[in-house]
Structure formats: C-alpha cells, structure tokens
Amino acid sequence: MIITPLLVLFLVIVFVLLFLFLNTVDKRKWLSALISLILTPFVFFFMFYPFLNIISSYHHQKYFDSEAWIESPALRYEMIDNTMASDTLIGASKESITTLLGKAEWLSWDESKKTHDADKWNYGLGIEPGAFNTKQERVEITFQNGKVIALKPYQEEITFENEEE
C-alpha cells in the first residue's frame, strides 16, 4: 500500500470519529485513544473504504491492449482515457482498427443522408463503477479518407428493454 496524504487524512478522520464515539461510552481519554488507535485500521478498511468505493466513481486506468479490449468489452472504460491521451489510434486505417478493436459494434446515424454513416464507428465501453452511475460509456471513432481523425467519448442512459413486448 502506498501511503498518500489523502490516505493519512482519511485515517485521521476515522480515528477522530472513533475517539469521539468511544469517549461517549467511557470518559477515560487514554482508554478511548488507545482503543481508537487499535480499531482505526479495521474500521477504515472494513467500513469506510468499501463505503468510499461505493459512492465514488474512481476506476483504475489501464494502457490499451487489443486482446483485453476484444475479450472484456465491459472493462473498456479502463483503457479509453489512456488511448485518447496517447493518440494511439489517430491515423490508423479502418483495417487496423478492425484488427485492434474488432468490427464496429454500430454505425452512427447521419440525419442529413437518412442512413448510417460508414465513417463513424461506435463501440461500447461498459459501465463505470459507482453507486449513482446511470450511464453507459461509449466511444465514436471518426474516419476521413479511411484514417482515424477523432475519438469522441460520450454517455448514454442505461435502458432496460422489456423482452415480453
């Protein structure tokens, strides 16, 4: 585990909260401080940290890996930030994109032509973790003259279709 200022701050907060709580049970400050010191790591890692993970939308960032992209579509959101920042796919041909990412999952709709645009490929990135997340991550890859010119991430509301209709 890497000790960061944020970790130390959170541990201090948990310690103070435990101390204040235990001080209401027993007025001996030295005993409350000792018990709080012993309980702080346990309360942090078994109560505070899981709660923090539930309410936050933090996720690990990964480098682009074609095999992982194809095999784990639900975890693509972990790779997209690095892929966009490093311009890994900019300038790649449609054939290269098909090899790296697989076949386009769907094409964007071109309202002016009233048809799908063969130069705008879309891929689902999965759902970022978080208790209050109601959107799916997507990315649109735009081609011009057969080469990638832009990657545009966007989000769509999660919908549950009724299969009985």
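Predicted model: local features only at pLDDT ≥ 70, side-chain atom pairs only at ≥ 80, totals over all residues.
**View 1. The salt bridge of Glu105 with Arg76.** The closest N and O atoms of Glu105 and Arg76 lie 2.5 Å apart. Glu105 belongs to the loop between helix H5 (94-101) and strand E1 (106-110), and Arg76 to the loop between helix H3 (66-71) and helix H4 (77-85); the pair thus links distant parts of the chain, 29 residues apart. Arg76 is buried, its relative accessible area being 4%. The whole structure contains 9 salt bridges, including this one.

**View 2. The salt bridge of Asp110 with Lys113.** The N to O distance between these side chains is 3.9 Å. Asp110 counts as buried at 15% relative accessibility, whereas Lys113 counts as exposed at 57%.

**View 3. The salt bridge of Glu156 with Arg138.** The two side chains meet at 3.4 Å, N to O. Glu156 is partly exposed, at 33% relative accessibility, and Arg138 is buried, at 13%.

**View 4. The packing of helix H1 against helix H2.** Helix H1 (residues 5-25) and helix H2 (residues 29-55) pack at an angle of about 125°, with axes 7 Å apart. The two helices are therefore oblique to each other, and H1 passes H2 in a right-handed crossing. Residues of H1 in the contact include Phe10, Val14 and Leu18, and those of H2 include Ile35, Leu39 and Val43. The contact residues comprise 16 nonpolar, 4 polar and 1 charged.

Methods. Residues numbered from 1 in each chain as written. Heavy atoms only, no water. Axes fitted to C-alpha atoms, helices over the stretch in contact; angles between N-to-C directions. Helix = DSSP H or I, 4+ residues; strand = E, 2+ residues; numbered from the N terminus. Parallel < 35°, antiparallel > 145°, perpendicular 65-115°, else oblique. Left-handed = near helix turned anticlockwise from the far one by under 90°. Contact = heavy atoms within 4.5 Å. Nonpolar A, V, L, I, M, F, W, Y, C, P; charged D, E, K, R; others polar. Salt bridge = Lys/Arg side-chain N within 4 Å of Asp/Glu carboxyl O. Buried < 20%, exposed > 50% of the residue type's maximum accessible area, 1.4 Å probe, protein only.
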